[in-house]
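Thanks for asking me to look this over. Here are my notes, in numbered points, to read alongside the model.

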Amino acid sequence: MIQIGEQTYAFDDPLVIGILVGGSIVLLILLLLVMTVRRAGRSADAVQYVTGQLGRLTGDVQALGQGQHQLAGNIQTVSDAQANAQVHVVQTMEARLAEVQAQMAERLADNALKSARSLSDMQDRMKDTLSGSTEKTTKSLTELQERLATIDKAQTNIEKLSGDVLSLQDILSNKQRRGMFGEIQLNDIVSKALPTDSYATQVTLSNNTRADCLVHLPNPPGPIVIDAKFPFEAYESFASADTPELQKIALRDLGNAVRKHIKDISSKYIIEGETADGAIMFLPSEAVYAELHARLPEVVRAGFDARVWIVSPTTCMATLNTMRAILKDARMREQTGAIRKELALLGGDVERLVTRVGNLDRHFGQAAKDIEDIKISAEKAGKRAHRLDHFDFAEIAPETDPKVVPITPPKG
């Protein structure tokens, strides 16, 4: 609603709409007039600027015409100079080309000669190289044959070792053969460590039990038994266990198996008055021995309590060396009386030897004196022989030695 004075008009009144449209047209016309005036001013400035530029362009065209005239003269001069230069260059190039051709001919001749020499040298080197390569190839083939022979030999050894491993596996899979394997290994170690008369194998004791080995130690401690035991099934179960629970069960079974062996050895091979108060259990496997001491020390202590000492191949050798020292000491004590008797006899022999050496020394002294006298007599005899050799009868006066018997002619 629009109110003018006392009159009120609505926006949808045609009169109001006509007035608003007319006012808008008037304003648009005024705006166009203003813009037209402004553009007219700008067009005048542009016309003035274009007029100035046309003047400048005219001057530049005139200067360009003069420059073209000068450029035509310069081009003619350059063309003449270029023609002269081309003639001179052609002549110079022809002379230079002839010189270059001559030099090239000389260089080609030199290069041909050098190439011939290089080719000859290369042929000689190739011959030497091929000869050396042939020798190296022959040597390499010989070495290759030797290496192949070595490889074949190693392959044979590997196949033999594989057969031995399979045989060992067969032995370990059978309980009776496994026992024989432990006994054989024990006998081999004992035979290398002790004298043959200091031990016996497969000995039957008074309780009708058979010991693998009996070492005859002096009292104390007396004869001691070494028995081979191999808890292979329990150890194999422990080695193949892949979970902590299975390892724990297998380790317990291994301990029980070793405890049973300890009990058997203690009850069978420790006999009062016949054997020592202890026995030795031989484990023919360093791995079982190590696992036993590392994971089951209580089983080892149980063996100590039962007076059964557990040894491996290495510790068994050390124990047997100790026994050998004991045997040697005992035998030395047994032979003490005989040694003393022999020493007394040796002392008498030495005294007699001293007496006889003294007698021989006196004989040598008398012989030396006799030899000295003989030398003196020989020197005197030599001197007399020398005088007789230079004897001159004319110079010798008759001697008046009353001991000389005159020679008288025989009576007729």
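How many salt bridges does the structure hold? The count is 8, and a few of them are worth a walk-through below. Please keep in mind that this is a predicted model.

1. **Overall make-up.** Let's begin with the chain as a whole. The protein chain has 412 residues, and buried ones make up 18% of them. Its secondary structure consists of 8 helices and 7 strands. The accessible surface amounts to about 31700 Å², with 60% of that belonging to carbon and sulfur atoms. If you look at contacts between residues at least 6 apart in sequence, 61% of these join residues at least 24 apart.

2. **A pair in helix α1.** Helix α1 covers residues 14-173 and contains both Arg-96 and Glu-99. The two are 3 residues apart, about one turn of the helix, and they form a salt bridge whose closest N and O atoms are 3.4 Å apart. How accessible are the partners? Arg-96 counts as partly exposed because its relative accessibility is 44%. Glu-99, at 40%, also counts as partly exposed.

3. **A pair in helix α2.** Next, please find Lys-192 and Asp-188, which both sit in helix α2 (residues 175-193). Here the spacing is 4 residues, again about one turn of the helix. Their side chains meet in a salt bridge, with 3.4 Å from N to O. Is Lys-192 buried or exposed? Its relative accessibility is 60%, so Lys-192 counts as exposed. Asp-188 has 36% relative accessibility and therefore counts as partly exposed.

4. Which residue does Lys-229 meet in a salt bridge? The partner is Asp-227, and the N to O distance between the side chains is 3.3 Å.

5. **A positive patch.** Finally, a word on surface charge. Which residues form a positive surface patch? They are Lys-380, Lys-383, Arg-384 and Arg-387. One of these, Arg-387, lies in helix α8, which covers residues 336-389.

How values were computed
Residues numbered from 1 in each chain as written. Predicted model: local features only at pLDDT ≥ 70, side-chain atom pairs only at ≥ 80, totals over all residues. Heavy atoms only, no water. Patch = residues over 30% accessible without salt bridge, like charges linked within 9 Å, V, L, I, M, F, W, Y side chains within 5 Å. Areas by Shrake-Rupley, 256 points an atom, 1.4 Å probe, with all protein chains shown as cover. Salt bridge = Lys/Arg side-chain N within 4 Å of Asp/Glu carboxyl O. Lys, Arg positive; Asp, Glu negative; His and termini not counted. Charge placed at Lys NZ, Arg CZ, Asp CG, Glu CD. Buried < 20%, exposed > 50% of the residue type's maximum accessible area, 1.4 Å probe, protein only. Contact = heavy atoms within 4.5 Å.
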